[in-house]
Amino acid sequence: MKQEEFVQRLRDKGYKITPQRRAIIDILLAYDTPPSAKEVLDSIRGRFPDISLDTVYRNLNLLADLGVVNLINLRGKETSRFEIGECHHHHLVCLQCGRSLCVDFCVMEERELAAAREQEFEVVGHAFEIYGYCKNCRKAG
Ligand SMILES: [Zn+2]
Ligand SMILES: [Zn+2]
Ligand SMILES: [Zn+2]
């Protein structure tokens, strides 16, 4: 997906496209591996010297709520990484280096959500991650 499509999605949901939001989308698209909020902040500072980490977090989380960004590594705010993309999937997360690998499957099945419906709970999303050690970290011992 191109930047314009992500921007359009924000518009469709009634969100304003601020220059910062556009820049954050640009930055996410430019990274090969999903960056942390801190890395996004470092990249955006060249264009918006006054932007705070909180503002970056707020915008990244908004994009996550809209389904434009996948949140990876849920264990802590500092270790979280943000992957832009539409397609729902899950991740293997390395406990040593924090690297994440995409895995193209979802453990959640429609019938498992029946339990939520019985509680009159409206499901809007879910998160699931597999933790372990990547090939490089295993080699290093
Ligand atoms: Zn690793
Ligand atoms: Zn992924
Ligand atoms: Zn899933």
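User: Is Phe 128 buried, partly exposed or exposed in this predicted model?
Analyst: This is a predicted model, in which local features need pLDDT of at least 70, side-chain atom pairs count only at pLDDT 80 or more, and totals for chains, interfaces and linings use all residues. Residues are numbered from 1 along each chain as its sequence is written, chains are lettered from A and ligands numbered from 1 in the order in which they are written, and side-chain values use heavy atoms, with hydrogens and water left out. Buried means under 20% relative accessible area, exposed over 50%, and partly exposed in between (1.4 Å probe, protein chains only). Because its relative accessible area is 30%, Phe 128 is partly exposed.

User: Which geometry does the aromatic pair of Phe 105 and Phe 128 have?
Analyst: Rings of Phe, Tyr and Trp (its six-membered ring) pair if their centres lie within 6.5 Å; planes under 30 degrees apart count as stacked, over 60 as edge-to-face and the rest as tilted. By this rule the count is one aromatic pair. Phe 105 and Phe 128 lie 6.5 Å centre to centre with 85 degrees between the planes, and the pair is edge-to-face.

User: Which atoms of the protein are the donors of the zinc ion (ligand 3)?
Analyst: Donors are N, O and S atoms within 2.8 Å of the metal (3.2 Å for Na, K and Ca); water is not among the atoms, so sites may look incomplete. The protein donors lie 2.0 to 2.2 Å from the zinc ion (ligand 3), and they are His 88 (NE2), His 90 (NE2), Cys 106 (SG) and His 126 (NE2).

User: Why is the arrangement around the zinc ion (ligand 3) tetrahedral?
Analyst: Four donors count as tetrahedral if all angles lie between 85 and 135 degrees; four count as square planar and six as octahedral if opposite donors are over 155 degrees apart and all others between 65 and 115; anything else is irregular. The arrangement at the zinc ion (ligand 3) is tetrahedral because the four donor atoms subtend angles of 99 to 119 degrees.

User: With which residues is Lys 77 in contact, leaving aside its neighbours within four places in sequence?
Analyst: Contact means heavy atoms within 4.5 Å. With those neighbours left aside, the contacts of Lys 77 are Asp 54 and Tyr 57.
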